[in-house]
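Hello,

Here is the structure I promised to pass on to you. Please open it alongside this note, and I will walk you through what turned up.

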Amino acid sequence: MSLSDYRTFGRSGLVVSPLALGTMTFGTARWGSDTAGSRAVFDAYVEAGGNFVDTADVYSGGRSETMLGDFIAERGLRARMVVATKAGFATGAPLAGGAGAKHLHTAVEGSLKRLRTDYIDLYWLHVWDGVTPAAELLETMTTLIRAGKVRYWGLSNTPAWYVAQLATLAAARGVPGPIGLQYFYSLANRDIEDEHAPLAEAFGLGIQPWSPLAYGLLAGKYDRATVEASSPRAGGLPRDAASDGEQRPADDKRLDGANPFGDSLFTPRNWAIVDAVKQAAAEIGEAPARVALAWVLGRPGVASTLMGVSRASQVTDNVAALDLVLPAQQRAALDAVSAPEPRMLYALSRPGLRDQVVFGAGVRGWPG
């Protein structure tokens, strides 16, 4: 498989590469890449056949969108590229965030200007705000699509019930509904498998995992002994999207800044997963990062996976995972060590326990 082995995103006509280039590193001086480095990353991705790039209005305070827009315009690639961006997180000004119509219309205009384009191929709600009614968000997205400013839209970091409400309303009203879901999904976090993955299958939504290497944890970047011997610094886990296995101590202050995980990834469970990834990699002669990425790429419902890189060489390393099919033994071992603690509500509906307590003892595998 290669970046040019395109597929449709969810139940839509949007054609994308199996790996999308995430640009959260663009313009982030302390843990990302400068203009020259970001351009090299973009060029490497495009030259490898990739067509799907992802940014957001809050990345580097808007600089990521500006850089991406410049790179696309400089090479005359707008017609070829699928450009995705997001809005929803606070951008600095009072009340400049959320899913309300006022904010999203303003956010779209800002993104269009920075991206140097007159339309966005895939517009994501970056986060659920907890207050905007589904009907209002659906009307906003429908208006943006009818105005030609947005082609498709999706949801990130949003409860499953709210997604289901939006998708159902869209179908009932005959207006464009969401085509995809973008969530943290990796061996280190399989939360979406309880609700969001079945929801995506039912409504034909493509799943796009972000941080499939769990900020480098699954690439073997962090040494457990070093981390546990160091005092956790404010801000917790360094935000570095590199995937080359370079180890960094927990008190490395080059990466200061808030991040969505804090120290939450440094757990006994996750260290066991890291060990299992390393063991599987050794058994098949591959790099841990490729093994962890191949696991995500092979999950049901995954349409295109975001890769976050800060160097052009990492594009090549990540793309190589497309050719890796994990042997059954290694995949089973990774599935087992990363399996989340079952929650009763969901365990009751899974084959095995379901067959026993719902359909009666002795009934196996029915209905499938």
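To start with, in which sense do β3 and β10 pair, and over how many bridges? The two strands run parallel, and four bridges join them. One of the pairs to look for is L19, which stands opposite T305 in β10. Before going further, please keep in mind that this is a predicted model.

**The sheet**

That pair belongs to an open sheet of eight strands, with parallel pairing, in the order β9-β8-β7-β6-β5-β4-β3-β10. At its edges are β9 (206-210) and β10 (305-308), each of which pairs on one side only. From one strand to the next, the twist averages 30°.

Strand β3 (19-22) also pairs with β4 (residues 52-54), again in the parallel sense, here over two bridges. If you want a residue to look for, G22 has D54 in β4 as its bridge partner.

G180 has G206 in β9 as its bridge partner. With β7, β8 pairs in the parallel sense over three bridges, and S156 is bridged to Q182 in β8. Strand β8 is mostly covered, with five of its five residues buried. Both of its faces are covered: G180, Q182 and F184 lie on one side, with L181 and Y183 on the other.

While you are there, have a look at G154, which lies in β7. Is G154 buried or exposed? Its relative accessible area is 0%, so G154 counts as buried. Leaving aside residues up to four places away in sequence, G154 touches L122, Y123, W124, L125, P178 and G180. G154 and A84 are 70 residues apart along the chain, and their C-alpha atoms are separated by 9.8 Å.

**Two helices side by side**

Next, turn to the helices α3 (residues 101-115) and α4 (residues 134-146), whose axes come within 10 Å and cross at roughly 30°. Angles under 35 degrees count as roughly parallel, so α3 is roughly parallel to α4. The crossing of α3 with α4 is right-handed.

Which residues meet in this contact? From α3 come A101, L104, H105 and V108, and they meet E136, L137, T140, M141, T143 and L144 in α4. By type, the residues of this contact are six nonpolar, three polar and one charged.

**A mostly covered helix**

Helix α9 (residues 288-297) is mostly covered, and seven of its 10 residues are buried. These are A289, V291, A292, L293, A294, W295 and V296. What covers them? The elements include the strands β3, β9 and β10, along with the helices α8 (268-284), α10 (312-319) and α11 (328-338). Both edge strands of the sheet, β9 and β10, are therefore among the elements that cover the buried residues of α9.

**Two residues with positive phi**

Most residues other than glycine have a negative phi. L95 is not a glycine, yet has a positive phi of about 65°. L95 sits in the loop between β5 (82-87) and α3, and it counts as exposed because its relative accessibility is 84%.

The other is N157, with a positive phi near 50°. N157 is found in the loop between β7 (150-156) and α5 (160-173). With a relative accessible area of 25%, N157 is partly exposed.

I hope this helps you find your way around. Do write back with any questions.

Best wishes

Technical notes. Residues numbered from 1 in each chain as written. Predicted model: local features only at pLDDT ≥ 70, side-chain atom pairs only at ≥ 80, totals over all residues. Heavy atoms only, no water. Pairing = 2+ DSSP bridges. Axes fitted to C-alpha atoms, helices over the stretch in contact; angles between N-to-C directions. Parallel < 35°, antiparallel > 145°, perpendicular 65-115°, else oblique. Left-handed = near helix turned anticlockwise from the far one by under 90°. Contact = heavy atoms within 4.5 Å. Nonpolar A, V, L, I, M, F, W, Y, C, P; charged D, E, K, R; others polar. Buried < 20%, exposed > 50% of the residue type's maximum accessible area, 1.4 Å probe, protein only.
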